[in-house]
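Dear colleague,

I am passing a structure on to you and would be grateful if you could look it over. Please open it first, and then read the notes below it.

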Amino acid sequence: MSAIELGKIRPAMKSLEFIAAKLGKSVAYLLEEEGERRKGEERRLKRAQAMQLVAEGRADEAVAILQPFLIDSRGAERASMLRALGRAHWEAGRGSKAVPILEEALRFYLATNDVEGVARTRAQLGMALHLLMSYAEAAEQLEMALVALVRGEVRDQLFKVHVLHNLGLTFFQRGDFETALQHFERAAAEGSDIGDDKWTASLYAAMGMSRLELGDFESAITYLHKSETLFESIRNKSRAAEIRLHTARTLHALGHNARAIETINSARAAAILANNLNLAARIDVNKGLMLQDMGEIDEALDLLRGAVTSADELGEPALRVQARTGLGRVLKNVDPSLAEHYLRQAVDLMSTSRGGREFDWTYTELSEVLAKRGLAAEALVFAAKAHRSGSRSSKEGHMVMLLALIFVGEGIRVLADLVPIVAG
């Protein structure tokens, strides 16, 4: 009986008949129970296979494996499958699909008072919300997960450093690069003895991106190269392509334009090879902005129009906002009226989708376009929104407001309106 329970042997029909008679059950009952056990084992194996695919950057394949098993899974097993599926979706860049899935898993863990399940699901939900540009909500979920770790309710050092890293990303996206870097460095210190290449690669990437934004370009290149090498070593082609994108941005910031374009083209080819169409569209947006800086306006516009079309087909709100904002930025000095059209679309997408209200790049660009068109009072409104969101320096926020003020032409009255905004 012990060997049967452990799955070491499969009983003969004569044995099943004997056991069924002793238990007062039919043989069919035992066979049904055995069938359920096998299904449960198959689901566990498929989940492990899917998580390996996610680690390799093949999240779409993981989704295809996991989705069918949700139909007949229940209780804790379903919650586990939901967490795996949610992770696969956000690793593929689909925050809008991941959030409701992870919220369902979180409701189960809260209802069953599973403290560890709650903490781990909150951490994943934080990353999914991060993709939707809902950075404040993302930080809230990650901070609650970190509290559970600090209190000792969950004991897992690797999980803790992951949460620190991801919390740093929420500060990064809000433009607080110094605080983000502090979180990344704390994660590095606390996880110095953890031999997890995927985590180390992600950490190097985050540190490289922070240094890029802080203007430490040489250091940024060093960390990004380390990150890409590690992602390649674990066969995560999608993340390696993403890091290559940031390396291209850094090379562009250094003025190495030819190398930057070569690198970003390589990043896009790698993203397509990894079947990460969301990333490919993001790369197109970034390349378009690079081309604008290099004076290649027509090529930039063609690329960004294509990115808008791709983003609409993919349906991810954050990507749709980014593509339209990029196109509006390039159109700003070519056709301000059309630039305004795309930027207003981006603002509408931010207001009707979950999160994204802190995406100040869009507000800044729309403010400048409105000022160019002589709509200075409205330009000031969006300049104030850009300033409050805090995703760029206060200095830049003040400069944008002053630009709006110049075009208002209403002197002291508008200046009086500006004072409480700046003070706030």
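What follows is a short account of what was found, from the whole chain down to single residues.

This is a predicted model, in which local features need a pLDDT of at least 70 and side-chain atom pairs count only at pLDDT 80 or more, while totals for chains, interfaces and linings use all residues. Residues are numbered from 1 along each chain as its sequence is written, and side-chain values use heavy atoms, with hydrogens and water left out.

Confidence comes before anything else. The mean pLDDT (the predictor's confidence in each residue, from 0 to 100) is 83 for the protein, and 83% of its residues reach 70 or more. Where pLDDT is low, the predicted coordinates should not be read in detail.

As for the overall make-up, the protein has 22 helices and zero strands, where helices (H or I, at least four residues) and strands (E, at least two) are DSSP runs numbered from the N terminus. Of its 424 residues, 51% count as buried, a word that means under 20% relative accessible area, with exposed meaning over 50% and partly exposed lying in between (1.4 Å probe, protein chains only). Among the contacts with a separation of 6 or more, 56% are between residues 24 or more positions apart.

The interior comes next. A nonpolar core is a set of buried Ala, Val, Leu, Ile, Met, Phe, Trp, Tyr and Cys residues joined through side-chain atoms within 4.5 Å. The largest such core has 67 residues, and L66, F159, V163 and F184 have the most contacts inside it. Helix α9, which spans residues 157–173, gives the most to this core, with eight residues. Apart from it lies another core, of 50 residues, which includes M133, A241, L291 and Y342. Leaving aside residues up to four places away in sequence, V163 touches A123, L142, A145, L146 and L149.

Two packed helices are described by the angle between their axes and the distance between the axes. The axes are lines fitted to C-alpha atoms, for helices over the stretch in contact, with angles from 0 to 180 degrees between N-to-C directions. Angles under 35 degrees count as roughly parallel, over 145 as roughly antiparallel, 65 to 115 as roughly perpendicular and the rest as oblique.

The axes of helix α8 (residues 135–150) and α9 come within 9 Å and cross at roughly 155°, so these two helices are roughly antiparallel to each other. Residues of α8 in this contact include L142, A145, L146 and L149, and those of α9 include F159, V163 and N166. N166 itself lies in α9, counts as buried at 13% relative accessibility, and touches M127 and L142 when residues up to four places away in sequence are not counted.

With helix α11 (residues 197–213), α9 has axes that come within 11 Å and cross at roughly 25°, and the pair is therefore roughly parallel. L158, V161, H162, H165, L169 and F172 of α9 make this contact with W199, S202, L203, A206, M209, S210 and E213 of α11.

In α4, A59, A62, V63 and L66 meet M81, A84, L85, A88, H89 and E91 of α5.

Most residues other than glycine have a negative phi, and most peptide bonds are trans. R235, in the loop between α12 (217–233) and α13 (237–253), has a positive phi of about 65° although it is not a glycine, and R235 is exposed, with a relative accessible area of 51%. N275, in the loop between α14 and α15 (277–293), likewise has a positive phi, near 60°, and is partly exposed at 43% relative accessible area.

With best wishes

Note on methods:
Contact = heavy atoms within 4.5 Å.
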